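Welcome, and thanks for taking a look.

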Amino acid sequence: MKKAIVNKIIHSSVVDGPGNRAAIFLQGCNYTCGYCHNPETIRLCVHCGKCVEVCPAGALTMEVGKVNWDPKACCECDACLSACPNMSTPKTAEYSAEEIMEALKKDLPFVRGITVSGGECSLQRDFLVELFTLVKAKKKTTLMDSNGSYDYTADEELMAVCDGVMLDVKAWDDADHIKLAGTSSSPVIDNAVKLAKAGKLEEIRTVVVPGYLDNKKTVDQITKLLAPLQGEKPIRYRISAYRPFGVREPYRSQMISPSREELEELAEIARSNGFHEIVII
């Protein structure tokens, strides 16, 4: 029985895949994206205690060298997140797959399925297999929201219980991707192709940051590459405007939000290349 470090559970969401879904956000990511609006999910807590010093509600205590969080005392002011020097949070909990199912027991009759996000959910792969197996037994759908760093199609066991992956295509060019996330775009693009061929690419997503990333090239190249691989079910493209909420400095000062016209222009590029299910957010 594997346990995962969970950042939060959302019992009803309409933005984490098709339909009403429960969403589980896991802690920890292997990317350090500059525009990340929840950078506190990137790393695991190192129990430095900085958060304990600033908690106004006494919800955080240091016990035997570890930060302990009392959710009942927490006032959700997020002072701990602002004080953390490590892009982490003390407000996590460990769950087994069975414990997640228990937490979702009242939700399951009313949701289409679950989506596991992060952080980067593939870093806790064994937990995903256990959880998705239990969810599929309840006749619900299973999706992953991922940065595309994991070679999914090489993992037959995981793919057997995963209905689809929602993949972040942050940038086409390596230079842009490295500037933003600290790593190459090649694994993401390779995974997009493999997942599309396997019928497991539920959605691709691009965050639009004018002047910082070559968004036109990214949208043009990825849609030209993937359009011929679409089957009976089209691949959805979610084009999202960069928003500064939660973004850490210096990136918040370096990035600007796109206009609606810029987003519509990108959607038209995708449409002209053969994508027809496009969502602008």
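Is K136 buried, partly exposed or exposed? K136 is partly exposed, with a relative accessible area of 30%. Please keep in mind that this is a predicted model. The structure holds 21 salt bridges, while a search of the whole structure finds zero disulfides.

**Salt bridge of K136**
- K136 pairs with D163 in a salt bridge whose closest N and O atoms are 2.8 Å apart.
- This pair links distant parts of the chain, with D163 in the loop between helix 5 (156-161) and strand 8 (164-168) and K136 in helix 4 (residues 125-137), 27 residues apart.
- D163 is partly exposed too, at 27% relative accessibility.

**Strands 9 and 10 and their surroundings**
- R236 forms a salt bridge with E203, with 2.8 Å between the closest N and O atoms.
- Because R236 lies in strand 10 and E203 in strand 9, their pairing ties together parts that are 33 residues apart in sequence.
- Both partners are buried: R236 at 13% relative accessibility and E203 at 4%.
- E202 forms a salt bridge with K233, again with closest N and O atoms 2.8 Å apart.
- Here E202 is buried at 6%, whereas K233 is exposed at 55%.
- A network of salt bridges links D145, E202, E203, R205, K233, R236 and E277.

**Cysteines**
- The sulfur of C29 has its closest cysteine sulfur in C33, 6.3 Å away, so the two are too far apart for a bond.
- For C74, the closest cysteine sulfur is in C75 at 5.8 Å, which is also too far for a bond.
- C29 is partly exposed at 21%, and C74 counts as buried at 19%.

Conventions
Residues numbered from 1 in each chain as written. Predicted model: local features only at pLDDT ≥ 70, side-chain atom pairs only at ≥ 80, totals over all residues. Heavy atoms only, no water. Disulfide = S-S within 2.5 Å. Buried < 20%, exposed > 50% of the residue type's maximum accessible area, 1.4 Å probe, protein only. Salt bridge = Lys/Arg side-chain N within 4 Å of Asp/Glu carboxyl O. Helix = DSSP H or I, 4+ residues; strand = E, 2+ residues; numbered from the N terminus.
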